[in-house]
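Work through the exercises below with the model in view. Try each task before you read its solution.

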Amino acid sequence: MTPITCIADLQALAKRRVPKMFYDYADTGSWTQSTYHDNEAAFQRQKLRQRVAVNIDNRSIKTKMIGEDVTMPVALAPVGLTGMQHADGEILAAQAAEKFGVPFTLTTMSVCSIEDVAEYTSKPFWFQLYVMRDRGFSESLMQRAHAANCSALCLTLDLQVLGQRHRDIKNGLSTPPNPTPRVLLDLALKPRWCWNMLQTKRRQFGNIHGHVSGVDDMTSLAEWTNSQFDPTLDWSSVEWVKKHWDRKLILKGINDVEDAKIAADIGADAIVVSNHGGRQLDGALASYDVLREIVDAVGDKIEVHMDGGIRSGQDVFKAIAMGAKGTFIGRPYIYGLGAMGRPGVTKALEIIHKELDVTMGLCGETDIHNVGRHNLVPTGK
């Protein structure tokens, strides 16, 4: 095997090993995908100040995110259908994150349930909530996350309606896959994935299946899920969530200064500057491009994290330099998971950790807490 040196290597391997519908699910944006691509391009536009003849021995990139110690300012983002990238994917990713010392965020739309992940890990993880039309179900999700000792709730605000992802429709995305001739041919070319999937019983939305009355097969599950994203979600809904959750609260999907100000005033512990990885509003600003303005507006009132377009430790460095206190990565660890399972997630984290450490040193810094805008070349130069 060619040595794996960067996240792109893991991506190429995942593309070969994961069935097309599930690889495309992770590696796609809505409509024209302009925001999906611009999330990455925004980091490329940002240049760094190289400094020399500085003692850069004894570097440290350890810090805290919402008061929790982390080996680097990175959390694994919530990603739907992670358990279809690799069998038991959420469990494997959570285990890798725990051992590495970074937070793992389990999504509502996971294959492995809250209870599954709690059973196979020993430290608290974070849980991402979608507020459904069925508020009773949403409340029960929070209760289950609390019982599983989740230390933070990450409430996603930008999925009231689904942005259309053309490839998901063309691929006939479903879990488990519908056995059409085209799908069966694709699966036949992915024997490693099929073998692993045969070893697990987890092939449906674990947080929903068995927890909703009247949902007892894939058809009824799909119909229920598609009808449940709540277009009435508003700031009063956030207040409702706060009444039912007494631990740390993170609001994800903030991509506008006015929304950031409301989020800070509402009493959340952190926000995630995010456009859902370019999967919702196509044409929205890249997360990195709006980060500075949001940090300047509310960074002294609330902890600001960011998500979207991060593919390297250099990207993490740029986000921290711009003022973020932490970052979320989705696709990088998903590529690792699809490529190699749990070791692949660890490899993705190792790559980002090394790139962040080396970049910080070459910019003349030894402590991640001292990184700032003085490490960035001003736009236009």
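Two strands pair if DSSP finds at least two bridges between them. Helices (H or I, at least four residues) and strands (E, at least two) are DSSP runs, numbered from the N terminus. This is a predicted model, where local features need pLDDT of at least 70, side-chain atom pairs count only at pLDDT 80 or more, and totals for chains, interfaces and linings use all residues. Residues are numbered from 1 along each chain as its sequence is written, and side-chain values use heavy atoms, with hydrogens and water left out.

**Exercise 1. Strand E9 and its partners**

Task: Find which residue of E9 is the bridge partner of Ala270, then trace the chain on to E10.

Solution: 
- Start at strand E8, residues 270-273. E8 pairs with E9 in the parallel sense over 4 bridges.
- The partner of Ala270 in E9 is Glu303.
- From E8 the chain passes through helix H13 (residues 287-298) to reach E9, and this β-α-β crossover is right-handed. Right-handed means that, with the strands pointing away from the viewer, the path from the first strand over the helix to the second runs clockwise.
- Next comes strand E10, residues 326-329, which runs parallel to E9 and is joined to it by 3 bridges.
- Met306 has Thr327 of E10 as its bridge partner.
- Helix H14 (residues 313-322) carries the chain from E9 to E10, again in a right-handed β-α-β crossover.
- Now check burial (buried: under 20% relative accessible area; exposed: over 50%; partly exposed: in between; 1.4 Å probe, protein chains only).

**Exercise 2. Helix H15**

Task: Decide how many residues of H15 are buried.

Solution: 
- The count is 9 of the 10 residues, so H15 is largely enclosed by the rest of the structure.
- Among them are Arg331, Tyr333, Tyr335 and Leu337.
- Just after H15, Gly341 takes a positive phi of about 70°.

**Exercise 3. The largest pocket**

Task: Describe the largest pocket by volume and by lining.

Solution: 
- Take the term first. On a 1 Å grid over the protein atoms alone, a pocket is an open set of points where a 1.4 Å probe fits, with protein on both sides within 12 Å along at least five of seven lines; lining residues have an atom within 4 Å of a point.
- Grid points are joined across faces, edges and corners, and a volume is the space filled by probe spheres set on the points.
- The largest pocket holds about 1,100 Å³.
- It is lined by 47 residues, and Tyr25, Arg165, Asp168, Leu173 and Arg279 are the closest to its centre.
- Two or more lining residues come from each of H2 (20-26), H7 (166-171), H10 (218-228), E10 and H15 (331-340).
- H10 gives the largest share, 6 residues.
- Sort the lining by class: 23 nonpolar, 17 polar and 7 charged. Ala, Val, Leu, Ile, Met, Phe, Trp, Tyr, Cys and Pro count as nonpolar, Asp, Glu, Lys and Arg as charged, and the others, Gly among them, as polar.

**Exercise 4. The cysteines**

Solution: 
- A disulfide is a pair of cysteine sulfur atoms within 2.5 Å.
- For Cys6, the nearest cysteine sulfur is that of Cys363, 19 Å away.
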